[in-house]
Amino acid sequence: MWPDPPGGRAPAGLLPRRQTGPLPAAPGPVRRNGPPGPGNTFPVRTTDQLRRDTLLDRTTAQLRPAPGHRLAPPATVKGKPLVPGRGTARAVLPSLVLAVIGLGAAAVIALWWRDNPRISGTGELLTAAGRVLGLLAGYGFVVLVGLMARLPPLERRIGSDRLARWHAAGGKYVITLVTGHVLFIVWGYAVTAHEKVTSESITLLTSYPDVLMATVAWFLLLGIGFSSARAARRRLSYETWYYAHLYTYLAIALAFSHQFADGADFAANAKARIAWSALYAMVGALIVWYRILTPLRRAARHRFTVQHVRPEGPGIVSVFVAGRDFDRLRAEPGQFFRWRFLTRELWWQSHPYSLSAMPQTDLMRITVKARGEHSDAMASLAPGTRIIAEGPYGAFTPALSGRRVLLIAGGVGITPIRAMFAALPSRMSDGITLLYRASHPRDVVFSRELDAIAADRNATLHYLIGARDRLGYDPLSADCLQRLVPGLHRYEAYVCGPPGMTEAAVRSLRAAGIPRRRIHHESFAF
């Protein structure tokens with residue numbers, strides 16, 4: 001367990017262990033902005049009533065730090081105070097990256113157009129269509145892998161969740177392009193040879209080099225696509241989904257060999273072969289550097305080890321990670337690492353978990369909710385377990401724009417929000433509001449820490465607890481949010497929680513008048 005220093009003071013940024021026991025009840029009737037009710041006044045709530053899924057809502061005026069608590073330190077990132085100016089980069093970089101991807105696609109089409117002879121007849125038209133679709137699919141492979149190469153500028157300025165959405169959407173397009181390539185090529189060759197499609201397919205498989213390998217690659221991609229469908233993802237564990245996607249690399253290798261063996265655009269064009277090979281080699285080198293060598297180098301440098309594990313609530317634990325020189329990692333509030341715990345059961349997989357407090361020089365904390373085999377195993381990690389950590393990643397970090405800040409957390413989504421809450425400057429007094437949504441009081445974690453941070457920042461803190469069917473209303477509806485947060489349309493909002501809650505909260509914020517560009521959110525979905 002974390003040993004409290006003399007005087008009961010914890011190291012800055014990580015607060016003392018939360019005392020066990022029930023959440024305190026609201027002390028009495030309080031007039032405040034909240035859901036509709038007589039006079040907008042909440043009656044006294046007892047602890048027993050809170051346990052029956054009622055609503056607990058505490059404001060800063062009711063909060064006082066517990067004796068011996070050390071409040072969160074001043075807001076710093078990389079040893080310096082948080083500063084504005086990153087919002088513009090976040091808005092421009094995604095458009096720039098998409099433009100570069102589009103220019104690359106245009107260059108691929110230009111290559112096809114330059115080397116494509118004059119088309120005459122239906123068979124040649126179909127074959128030409130198949131060739132350009134194949135070239136675009138080969139380029140799409142590079143883009144998909146590049147998006148997941150974990151390049152620091154993309155991960156920190158665009159964000160892993162947005163990159164993952166681009167990757168998922170791009171995967172659908174690539175599978176469609178590959179399928180179109182196969183169908184048009186077979187159809188075009190069959191028309192030209194005056195053969196049936198079935199017999200021409202057999203001829204291609206048995207007579208052309210590497211076509212069989214390319215067919216295997218196509219079926220692998222179809223299988224990966226089916227496993228990524230929303231209905232399938234609900235039934236798959238993260239581990240199964242993740243390792244099914246590793247077959248993408250095998251499919252790319254098989255398809256690359258086919259492109260050079262059968263691609264008419266590369267047969268007599270040495271410059272095209274060199275450029276295409278260099279493109280694949282560059283992305284492959286980035287994968288090896290950022291996903292293999294960099295994590296190993298950082299593990300040796302920072303010596304990540306499990307210090308101890310602390311229960312926070314039912315199925316929720318905090319893992320304290322010891323090491324050295326963590327300040328050189330340049331982690332920002334709201335970011336996450338991909339953690340690989342080197343035990344017999346867990347060494348072969350890494351999972352993303354957010355920092356639940358800003359790291360100290362020799363200590364970090366993550367908080368995990370049991371949702372599968374990997375997260376279930378966190379509670380039994382032994383002190384001294386070695387770790388390989390990749391990161392920090394993510395663009396879900398506060399960008400100080402001069403506006404007031406609204407933080408909305410749902411369930412274990414409080415993890416990155418708690419780090420951001422403590423990091424926001426105290427000069428933003430009265431300009432910070434945190435809404436913590438949970439279905440039951442037992443799902444609330446860090447309540448003592450959040451209370452202390454709110455008192456230190458003079459921030460407004462609302463615990464919105466209770467199932468909607470029991471409450472009779474949605475605490476995150478647009479009307480309720482506007483009552484809880486006066487002048488809501490002028491805020492910068494950050495939302496983190498389960499996908500359904502996040503989507504509903506974003507819709508409510510948009511309905512309340514906050515522009516989309518001022519709503520930042522992170523998804524837990526894989």
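Reply: Helix H5 makes the greatest contribution to the lining of the second largest pocket, namely eight residues. Helices (DSSP H or I, at least four residues) and strands (DSSP E, at least two) are numbered from the N terminus. The model is predicted, so that local features require pLDDT of at least 70 and side-chain atom pairs pLDDT 80 or more, while totals for chains, interfaces and linings use all residues. Residues are numbered from 1 along each chain as its sequence is written, and side-chain values use heavy atoms, without hydrogens and water.

The second largest pocket holds about 790 Å³ of space. Its lining comprises 33 residues, of which His-181, Val-182, Ile-185, Ala-214 and His-258 are the closest to the centre. The elements that give two or more residues to this lining are H3 (122-147), H5 (160-193), H6 (197-207), H7 (211-228), H10 (247-262) and H11 (264-267), each of them a helix. By class, the lining residues of this pocket are 22 nonpolar, eight polar and three charged. Here Ala, Val, Leu, Ile, Met, Phe, Trp, Tyr, Cys and Pro count as nonpolar, Asp, Glu, Lys and Arg as charged, and the others, including Gly, as polar. A pocket is an open set of points on a 1 Å grid over the protein atoms alone, reached by a 1.4 Å probe, with protein on both sides within 12 Å along at least five of seven lines; lining residues have an atom within 4 Å of a point. The volume is the space filled by probe spheres set on these points, which are joined across faces, edges and corners.

Arg-150 lies in the loop between H3 and helix H4 (152-157). Arg-150 is not a glycine, yet its phi is positive, at about 60°. With a relative accessibility of 6%, Arg-150 is buried, where buried means under 20% relative accessible area, exposed over 50%, and partly exposed in between (1.4 Å probe, protein chains only). Its side chain makes a polar contact of 2.5 Å with the side chain of Glu-390. A polar contact is a pair of N or O atoms within 3.5 Å; within protein, one must be able to donate a hydrogen and the other to accept it, and residues adjacent in sequence count only if both atoms are side-chain atoms. Apart from neighbours within four places in sequence, Arg-150 is in contact (heavy atoms within 4.5 Å) with Glu-155, Tyr-242, Tyr-290, Arg-291, Arg-338, Glu-390 and Tyr-393.

The remaining regions of interest involve strands. S5 (residues 305-313) and S6 (residues 316-322) run antiparallel and are joined by seven bridges; two strands pair if DSSP finds at least two bridges between them. Across this pair, Pro-311 stands opposite Val-317 in S6. Two residues separate the strands of this hairpin, and Gly-315 there has a positive phi near 75°. Beyond S6, Arg-330 occupies the loop between S6 and strand S7 (336-341); Arg-330 also has a positive phi, near 60°.

Thr-367 belongs to strand S9 (residues 363-369) and is buried at 4% relative accessible area. Its side chain makes a polar contact of 2.9 Å with that of Ser-318, and another of 2.9 Å with the side chain of Ser-356.

Among the buried residues of H15 are Leu-450, Asp-451, Ile-453 and Arg-457. The buried residues of H15 pack against S5, S9, H14, strand S12 (432-438) and strand S13 (460-465). Asn-458, which follows H15, has a positive phi near 55°.

For the protein as a whole, there are 18 helices and 15 strands, and 50% of the 526 residues count as buried. Of the contacts with a separation of 6 or more, 74% are between residues 24 or more positions apart.
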